[in-house]
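This report describes selected local features of one protein model. The sequence and structure are shown below.

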Amino acid sequence: MNVILKVCWIGIMICLSQTVIGQKELEKIFQGNRNFEQICQDAETYFKEKHIGKSLNDLTQGEFRDGKYVKYCRWKNFWKDHLNSDGTLGDISKHTRLKKDQLSRQNIDNPYQDETWTNISNSNYITGQISLGRTTSLDFHPTDANTFYVGAAIGGIWKTTDGGNTYVPLGDELPYLAVSSIVVDQDNPDKIYIAISDHVWYGPSSIGVYKTEDGGLTWNETALSFEFSENIRIYWMTADPNNADRMYISTAGGLFETTDGFNTVDQINSLDCSEIHFKPNDSNVIYLGLRNGEFYRSTDGGANFDFVTDFGNNYLRLAVTDTDNDLLYISHGNELHKSTDEGATFPTTEDLPESNMVTSFSPLNNNELLVGNFEIYQSSNGGTDFNAITHWLGNGGLPLIHVDQRNIFTNPLQSELIYFCNDGGVYTYNVNTDEFTDLSNGLEITQYYDIGTSQSNSNVVSGGSQDNGSMYRNDATNWLELAPTGDGMNTEIDPSDENKIYWEYQNGGMRRFDGSGNTNISPPGENGNGAWETPYRLDPSNNDRLICGYTKVYESMDQGDNWTAISDDLAGGSKLNLIAIAKSNGDRIYAVQGSTIYVKDVNDGSWDAKSGPAGSITDIEVDPDDMDKIVIAHGGYSNGQKIYESTDAGDSWTNISGSLPNVPVGAIEIYEDVDDAYFIGTDLGVYYRDYQVQDWLEYGSLPHTRVSDVEIQYSDQLLRIGTHGRGVFEANIAIVECAAGDPDEDGDGVCDTYDLCPFLDDDLVGSDCDDGDPNSTGEYYSENCLCENGMSNIVTCDAAGSNGTGSDYITNVSLNDLNNDSGKTGYSDFRNISTTLYEDSTYTLSFRLGYAFPDDEAFAWIDYDQDGTFESNEEIIMSDFDANHTSEGTFTLPSLSNVGATTMRVRNIYGQPGNNDPCNDYFGEVEDYTIQLRDACPFDESISKYSYCPPDPFKIQAQNVLSIDSIIVHSNTIIDFEAGQCIELEAGVDIKVGSTVEITIDDCSNP
C-alpha cells in the first residue's frame, strides 16, 4: 500500500496558539490537547475579527441564530464543566469505561441500586423546530426493510423493527453515547459496528469503534481505539459490498482498514479524511475525500490511493448511485463537482444553494438529486438547478422539517425513500410522492439544559433543550411548546399555579408563560446580555418574587413585570452563572461567578465575595432551615473535589465528596424530608446521601449521559432529572432510614445497613494512620476501610525536563489502575498517586506525549529494592512512540526481598539517542509515582471451594459474592478472622449463579 503522510513541523506545533487565528476553518482552533481558556480566547477573537461591528450576542440572532458562534457557545457550555486540573479538556469516556470496577459504598448493601428510572420525555414531534434531537447516522438490515439503526449525536444507538414507528435504545452502557457511523454486517445482521464519536467539531471526539455480535445486547471495544485527548473524530465507515469483514474508516487521524471485522486494523494514511465510498458494483474502485478539499482514488482495491485533484480548502462529501456506476458527485463548499468516469476527471461544476450540503441521488433516477444543509433542495436536471422543497417555518406552503441536515442515506430495500438525519431526528422523503415523513417519534434523545417540576400538579413538567426549544408537559401528560425554536434554557414552574411557567432563550431572554401566551420579562436592557444559561430563581417563600443574575443581580416582586437592580456589577463585569435564595430568609441570596460566591447581607444589602474551595462551581443550594448552610457542586476531573458543604455562608468548607467517582457533578437538589439529604446528578448517574449514610449511594442505573438537572416533586415523592442527551427521567423516592434497635456491629452509631466500615468506626475514614511501612508517609483510612495510599518517601536522584518543550511532554501515564493526566511541567512529583503490583504478575505501563517527534525516546524505572537508585535491572523497556504518541512497556514484577512503597520514574528524552539516564536534566519531561509492592498472593485465584487455617489473625477481602458459614458476604467486604480459626469459602449463588469467586488476601505480605 502507498502510505500518505502529512508532515508536521515542530514550529507549527509550538506556535499553534499564535497562528491559528489566521486559519480559515474555525475547527482548527479546537484541535489538539489545548487549554480551555486559550481555546475560548482564540475562538472569540476569531468571531470578532470575522464579524466586525457585531456583538457576540448579535451572532446568536437572525441569520446567525444557529450559526457557528451558537455552536461554539454550546461547546463552551458543556466543556467548562469537563476540564482536567490543568485546564485541558477531560476524557468523558475514562470513568464510564471503568465503571464496572468503581463501586461507591463498596462495603455495604445499597438499598437504592435497583430503583427504576422511567423516561417521561417528549417522544414525538411537537411543533415548529421542536422535535427530539440531533441524529448522525443510519444503517439498514440486509433483508428486513422495516429494521434499521439510528445513531444519535449524544443519545446512543437506537433500533426500529417497524420502519421507524417505534424505537428501542441499545448500548446504554457504552462509555458515552455519541455515535457518528453505523455498519450492519450484511451477512450476519446481529453483528453491528458503531463509531463512538461525534462528527462535528463542537461535539465529543472518538474513542474508536465498538462491536456487537448479539444484535446490540452487549458491546465490546475493537482493535480501532483512540485516546479521547487525541481529538480524533470518526466521520464515516463503509463496508466492502462483497466482503462484510472488510471496512474502511475515515477519521481526522487518517484512513484505516480492517479485513477481519475489526479484530485487527491497519492505518493506510494519516490524512484528515472526511468520506469514503466504494464504487457501486465494483469494490476495486474506492473514492476518498479529505477535509482539506483533496480527492483520492484507488483502482486496485485499496492497495494504492492516488491523488486526483484538490478542490480547495473545505471538506468533501461524496455521492454515488447504482443507476450509473461511473457517476460520482462531490459536494465541496457551495459547489457541486460532477464526474462521469469514476472520479478520474470532474469537468462539470454547479453552484449549490447552500454550503457544505449532504448530497444523494434519487435511488430511481440519477438526474434527480437531493441536497440539504439548513434546508433541503431538489434538482431534476443533475444539479444544474435546485428548488427548495422545505422551509424551516413552513413558508410558501413548503413542508416544515427540522433544519441542519447531518447525513443522508438510502435503503437498498426501499428504493423510493431517502432518509435524512438532522438536528430534530430522522425524516424520509418519498421521491415518488414528494412527501416527507417524520420518523423521529420514540427517539428519546433530547439534550436538556434544565427542567422544572410543578408542586401543585405532579403531571406538569417543563424543560429547556439544545436546538429544540422550551416545552412543557401538561396535566394530560402531552408535551407542548413554550417556544417554537431555538435553544431553551432555565425553567421554573410557579409552585401554586402549574399554568405559570418561567423559561428563557439563550443569553437571558426571559419569558413568562401563563397558559395561553408568553410575556417578555427580561430586565430592561438585559435581554440577551446574560450568560448562555442566565440564572434566575423563584423565591421559595414568595411565588411572586424572582431573582435573576446578569452582571448585576435583579429583583422582581411582581412575577417579572418590573425589576430593580439589587447589586452593582459583582464580578468585574463578568456574567453570573448561578443564583440561590434562602427559603428561611429571602433576603439572603447567593450569586456565583466561576469559583466565587457573592453573599448578600440580610441587614444592609451589601455583597461579600467568598472563594469556593475547588474551582468552578456547577450548582449551589441553600438548606431550607438555615440560610447560612449551603452545598455546592464542582465539575471537572479533580478526584475527591466534587461536593462541599458550608455552615457559615462560605467562610469555611467541609468536603463531603466521599467515594464519588471522579466525574463532573452537574446538579444538586436538597431533599427536605430527611436531615442533610442530597441528591446529585453526575456524568455517571444520580447519587444520594443523608445524615445516616455518610457517603454516596448510586440511585438506580441510568444511561451514560450527563445529568444536567435534578428536581423533586414532593406530593407524589418523585425524583426527576434532565439529561443532556436522553431526555427526562423520573424515579420514586423511597428513602430507607435506620430504626431504633437496628444492628450496629462496630458501635460507631451507624446502623449496619449504612455502615461504610462494619469493623471500623466510619468517622476514621479519611483520617491519618500508619501502616508500619518505613518507606511511606501520608497513609489514611480509605473508603475501603484500610490504612493505605501511602506516598513513597524514598529519596532518589534529581531529574528534570525542559519547560521549553513545545508539545513533547507527558500527558498521561497508565499502569494497572493508575491513570493520570498531566500538563507541561518539566518535572512532576505524583507520588501521591499510587497503584499496587504483585510479585510474579505481569503488567503493561504506557505513557503518552502531547506530540512525539522522531527523536523522542521513552524510559521508565521502578526501584524494586527500595535503595533510592534506579539500576539497570529496574528499568522497564519501553517501545518507540506510536502514531498516537504513546509508548508501552510490558514487565513482570520480579521476586521481592522487600514489600511496601517505592518510587516509579517515567521520562521522555529528546535528541539523546540511547541515553537512558534516570537522573539529571534533559529536554523532555519527568514524572515520579508511588508503587506499592506486594508478595505474590497465594489466595488470589478462582475457586469453587477453599479451606484455610491461618496461624495469625488476618483479614480477607471478598470479590464478587461468597458464603462463609452460611453467611452471605458481598463484594469487597472485609472479614476479620482470629488465629487458628478455619474458614471454608464457597461460591455464592444468591447473585451470580455459576460465577467464579475471586478471593484476595487484603495484605498478601501478612496473611
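In which strand is the place of S828? The residue belongs to strand 64, residues 827-838; strands are DSSP runs of E with at least two residues, helices are runs of H or I with at least four, and both are numbered from the N terminus. The model is predicted, so local features need pLDDT of at least 70 and side-chain atom pairs count only at pLDDT 80 or more, whereas totals for chains, interfaces and linings use all residues. Residues are numbered from 1 along each chain as its sequence is written, and side-chain values use heavy atoms, with hydrogens and water left out.

S828 counts as buried because its relative accessibility is 8% (buried: under 20% relative accessible area; exposed: over 50%; partly exposed: in between; 1.4 Å probe, protein chains only). Its side chain forms a polar contact with the side chain of T825 at 2.6 Å; such a contact is a pair of N or O atoms within 3.5 Å, where within protein one must be able to donate a hydrogen and the other to accept it, and residues adjacent in sequence count only if both atoms are side-chain atoms. Beyond neighbours within four places in sequence, S828 is in contact (heavy atoms within 4.5 Å) with V926, E927 and D928.

## Nonpolar cores

The largest nonpolar core has 45 residues, of which F30, Y72, W75, I157, I182, I194 and W219 touch the most other members. A core of this kind is a set of buried Ala, Val, Leu, Ile, Met, Phe, Trp, Tyr and Cys residues joined through side-chain atoms within 4.5 Å. At least two of its residues come from each of helix 3 (36-50), helix 4 (68-79), strand 6 (179-184) and strand 7 (192-196). Apart from this core lies another, of 29 residues, including V150, W158, Y248 and L443.

Residues up to four places away in sequence aside, W75 touches F30, F36, I39, C40, L89, W201 and Y202.

## Packing of helix 3 and helix 4

The axes of helix 3 and helix 4 are 11 Å apart, and the packing angle is about 165 degrees. The two helices are therefore roughly antiparallel (angles over 145 degrees). On the helix 3 side, F36, I39, C40, A43, E44 and F47 meet K68, Y69, Y72, W75, K76 and W79 of helix 4.

## Surroundings of A614

A614 is found in the loop between strand 45 (607-611) and strand 46 (617-622). With 15% relative accessibility, A614 counts as buried. Its contacts, leaving aside neighbours within four places in sequence, are H634, Q641 and Y644.

Notes. Axes are lines fitted to C-alpha atoms, for helices over the stretch in contact, and angles run from 0 to 180 degrees between N-to-C directions. Angles under 35 degrees count as roughly parallel, over 145 as roughly antiparallel, 65 to 115 as roughly perpendicular and the rest as oblique.
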